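Please look over the sequence and the 3D structure shown below. A short report on them follows.

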Amino acid sequence: MATIQPIAGTNEQHPDVALVERVRAGDVSAYDELVRKYERQVFRIAQHITQNREDAQDVVQDAFLKAYEKLDQFQGNSKFYTWLVRIAVNESLMRLRRRRTGKMVSIDEDVETEEGSVPRDLADWAPDPEQNYSRTELNRILRKTIKGLPPGFRVVFELRDVQGLSTEDTAEALSLSVPAVKSRLLRARLQLRERLTRYFRRKKGVEK
Amino acid sequence: MTCSEFLALLDDMIDTPELRADLKDHLACCEHCEVTLNTTRKTIEIYRSHQIYDMPASLRERLHTAIMARCKKGC
């Protein structure tokens, strides 16, 4: 069985390409490997955009089925995952629009926010501040914090900083320019930092 | 270097552990930027190490089975 490892050199063929070729040749089990490899990442992207668990589950199913149907259209010059993310983002936006009764929602709309461009709360954090919260509580804080950002910021942060995609791949997956990804990422990082400071700041004296 | 100029380069600093000399100089005399850089790095690290939208194994299995069943039927 082929193991899926990141490619070492840029000239080597990405392992996903071989899997895609096997699927095209009629080997459905190769698609099973691709689904297992990426289903969790796709679910997270869908959650970030839709903010709704049922919608995110539907997006995972629909995105993988659509990718399977359209596999002939996949060009080897982009990465399979980047191509899959693009499908998942479109599916997520469609779900979001449906919930918002047809209101246009887009990733490329540039949201001008005062907040985040210049840090205001400059308090330092406690050492290992996450240790002050239970896992459940920390999870709640992290979700609540990122939920306050525009969808386009959330998904850029998830792809670049959490999933570790390059700026170029993130731009391609979201149909954004590289400068747009950079600008959103910077603002997303600064806004998250600012909002988390409310919870993680170094306490003065003895405080409960 | 001003704080604004420093912040504009924050993106590159986060991805590069070894800072340029002029950035190091600014950090050495600006506590605000030092706090901003360190807490921004920490923000990323926390989100990276806590998967806030992880799929429970049962859901993963159910979705996976449903997807593969439809693919085998030709969708």
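In which helix of chain B does B:Lys24 lie?

## One residue to start with

B:Lys24 lies in helix H3 of chain B, which covers residues 21–29. Helices here are DSSP runs of H or I with at least four residues, strands are runs of E with at least two, and both are numbered from the N terminus. B:Lys24 is exposed because 10 other C-beta atoms lie within 10 Å. B:Leu37 is 13 residues away from B:Lys24 along the chain, and their C-alpha atoms are separated by 11 Å.

## Basis of the model

This is a predicted model, in which local features need pLDDT of at least 70 and side-chain atom pairs count only at pLDDT 80 or more, while totals for chains, interfaces and linings use all residues. Residues are numbered from 1 along each chain as its sequence is written, and chains are lettered from A and ligands numbered from 1 in the order in which they are written.

## Chain B

Chain B has five helices and zero strands, in the order α-α-α-α-α along the sequence. Its radius of gyration is 22 Å, well over the 11 Å that the globule rule gives for 75 residues, so chain B is more spread out than a compact globule. The radius is taken over C-alpha atoms, and the rule is 2.2 Å times the number of residues to the power 0.38.

Along the principal axes, the C-alpha atoms of chain B fill a box of roughly 65 × 25 × 20 Å. Of the 75 residues in chain B, 21% are buried.

## Chain A and its domains

Chain A contains eight helices and zero strands. Of its 208 residues, 38% are buried. Two residues are in contact if their C-beta atoms, placed from the backbone, lie within 7 Å. Among contacts in chain A between residues at least 6 apart in sequence, 68% join residues at least 24 apart.

Chain A is divided into domain 1 (15–99) and domain 2 (129–200), with bounds from an automatic or database domain assignment. The C-alpha centres of these two domains of chain A lie 21 Å apart. Domain 1 gives 12 residues to the contact and domain 2 gives 11 residues. On the domain 1 side, the elements that give two or more residues are helix H2 (28–50) and helix H4 (80–99) of chain A. H2(A) gives the most to that side, with five residues.

## Where the chains meet

In the contact between the chains, 29 residues of chain B meet 37 residues of chain A. On the chain B side, helix H2 (10–15), helix H4 (31–49) and helix H5 (57–72) of chain B each give two or more residues. The largest share of that side, 11 residues, comes from H4(B).

Helix H8 of chain A (residues 178–200) packs against H4(B) at an angle of about 95 degrees, with the axes 9 Å apart. That makes H8(A) roughly perpendicular to H4(B). Axes are lines fitted to C-alpha atoms, for helices over the stretch in contact, and angles run from 0 to 180 degrees between N-to-C directions. Angles of 65 to 115 degrees count as roughly perpendicular, under 35 as roughly parallel, over 145 as roughly antiparallel and the rest as oblique. Residues of H8(A) in this contact include A:Arg189, A:Leu192 and A:Leu196. Those of H4(B) include B:Thr39, B:Thr43 and B:Ile44.

Note on methods:
A residue is buried if 20 or more other C-beta atoms lie within 10 Å of its own, exposed if 12 or fewer, and partly exposed in between; C-beta atoms are placed from the backbone.
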